[in-house]
Every structure is written in C-alpha cells, then in structure tokens.
Amino acid sequence: MARISTVSLKEKKQKQEKITMLTSYDCFTAAMVDEAGIDMILVGDSLGMVVLGYENTLAVTMNDMIHHTRAVAGATSHAMVVGDMPFLSYHVSFKEAVRNAGRFLQEAGAQAVKLEGGTERIDTIKAILDAQIPVMGHIGLTPQSVNQLGGFRVQGKDFETASKLIEDAKALDEAGVFAITLECVPTGLARKITEEVSVPTIGIGAGHYCDGQVLVINDVLGMFKGHTPKFVKQYANLQPVIMEAIKSYKKEVEEGTFPGKEHGFSINEEVLEKLY
Ligand code: KIV
C-alpha cells in the first residue's frame, strides 16, 4: 500500500471520505497505528505532557521532536508522518523556521510538519512551503499560546473570535497548507470552516463535520494520568492492565516463581562441575 500523501488527503475530502489521524511518539505504537491503516500520524508536541511529564508543551525542544519523530517515521510505511514544530522553532526568523522544518524531513524521515497559528504565521508558512515542505496548519486552541489564551479553553464562541478563525482558515488555505487542525472550536463553527476551505480540516474537540479526526494516542488507550478533556473518547483502558502486569511481575520475582526453568539457559554439566 502506497504511503498517504497530501494528494490522497485532498482526494479523500473531495470524495467525502473521513480522514483518520492519531499521535505516536515511539516505534512500537507507531507500527501498530500504521498497521491499523490510520492515514496520518502526528508526532505531536503533546509529547511534552504525555511522555515527558511536563505541565504543558512549551518546554519541548527541536531535539526532543527529532528524536521521537525518527523513531515513529522508521516504523511506518503507510501513514503520512507529520512532525509538530515546537514552541519557538518557527517564531524567531523565517530562516530558522525553514531550517527546523527541514530537519523533520531530512533527519527524522517525516513527510510534513505542523505549526500553530493563523494570519500571523502566513509568511512563515509560505517560507517553509517554498522549501517544498508540506505544512499542516493548526488553529483554535493552540496549546503553545496557553499563557496568552489564559488556559486550555474552547475558542471561537463569539462572533468576533469565530470570524477571526474563519479568516485564519481561509488564509492558511490560500497560503497552501495541505490540511488544517481545528482544536477545541464549536461544532457549528468547525462545519462552516470545513465548508469554506479547499483542504481537509482535522478536528480535535471540533465535532463531527470536520473532514477527519485526530486524538492523542495515550488518551485513546487510557495511558495518561492527567486531566482528560471532554472531547476525548477512550477506546481502551490500559492503565489497570499495565498495573496488574507490573504487580504480578513484582510478586513473582519476590516469591521466586519468576524466572521459571523455561526462562533460563542450559550449560553442559561437566563444564559446570569444573567451575565448582
Ligand atoms: O501535539 C499534539 O498532539 C497536537 C494535537 C492535539 C493536534 O497538536
């Protein structure tokens, strides 16, 4: 099966086929997501919260992202791998933004990058696109702006902010992004944006009218101890399963039932006798 491309994603929107996306941060999970036939894998900077244990995404670095994106990309053959540009990696200058975006493709093996922001990021996005690097936009709740937004809250609930998000989405579409993440926006507004833009919208907390959906894999699998947002659907609860396995291992080591004979390696009895 050929790898999903920006072209196949646009075709899916035109044919009204829903697009699937999940995050991954390591090779094992990425291989499973890929094998399951998910269209896109986002190596999100949510890495900071669900893997590195940070309070938010702001401390995640380019090196963190390259390290994990390489692990994910190497384990996939079908899904499009999108590397999430971390805070400050595209804000300082166009040159730095292009260089950092390029690292995701050149060093980590991703096929595209994602960055947060609307009209204020258009020139940066154009510079990255100019280097032949596909860009996914991200508007609505943009976690890297958490301090400016005053918390993780739904965006675009009044006329002014909703109109600004429509303007942002159109500007991203015109600039040439291949898809737009809509995070935490009302369902009706996400529908309007989805109708207004030519590229697929991928929602997270943005309702069912989006062209596709993305969730953080740890939320989907019940592998996160922090707050789980209302928009998440947990498809499995692995926490108790993992805890049970760890406790059984501890118990068996402590009581001497693990390792059993079948887990050991044999040695010739004569060799052993000589050692005594
Ligand atoms: O970092 C991330 O996982 C994301 C998704 C929430 C879209 O940006």
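A polar side-chain atom of Ser46 lies 2.5 Å from an oxygen atom of the ligand, a polar contact being a pair of N or O atoms within 3.5 Å. The model is predicted, so local features need pLDDT of at least 70 and side-chain atom pairs count only at pLDDT 80 or more, while totals for chains, interfaces and linings use all residues. Residues are numbered from 1 along each chain as its sequence is written, and side-chain values use heavy atoms, with hydrogens and water left out.

**Around the ligand**

- Polar side-chain atoms of Asp45 and of Lys114 each lie 3.0 Å from an oxygen atom of the ligand.
- Taken alone, the ligand exposes 260 Å², of which the protein buries 95%; such accessible areas come from the Shrake-Rupley method with a 1.4 Å probe.
- The residues that surround the ligand, each with a heavy atom within 4 Å of it, include Thr23, Leu42, Gly44, Asp84, His138, Thr181, Glu183, Ile204 and Val216.
- By class, this shell has 3 nonpolar, 5 polar and 4 charged residues, where Asp, Glu, Lys and Arg count as charged, Ala, Val, Leu, Ile, Met, Phe, Trp, Tyr, Cys and Pro as nonpolar, and the others, Gly among them, as polar.

**Domains**

- The domain assignment, which is automatic or taken from a database, gives domain 1 (6-237) and domain 2 (240-275).
- The centres of domain 1 and domain 2, taken over C-alpha atoms, are separated by 44 Å.

**Backbone details in two loops**

- Phe258 and Pro259 are joined by a cis peptide bond, with omega about 0°, and Pro259 is placed in the loop between helix H11 (238-255) and helix H12 (269-275).
- Gln132 is not a glycine, yet has a positive phi of about 65°, and its place is in the loop between helix H6 (122-130) and strand E5 (135-140).
- Helices (H or I, at least four residues) and strands (E, at least two) are DSSP runs, numbered from the N terminus.

Note on methods: A polar contact is a pair of N or O atoms within 3.5 Å; within protein, one must be able to donate a hydrogen and the other to accept it, and residues adjacent in sequence count only if both atoms are side-chain atoms.
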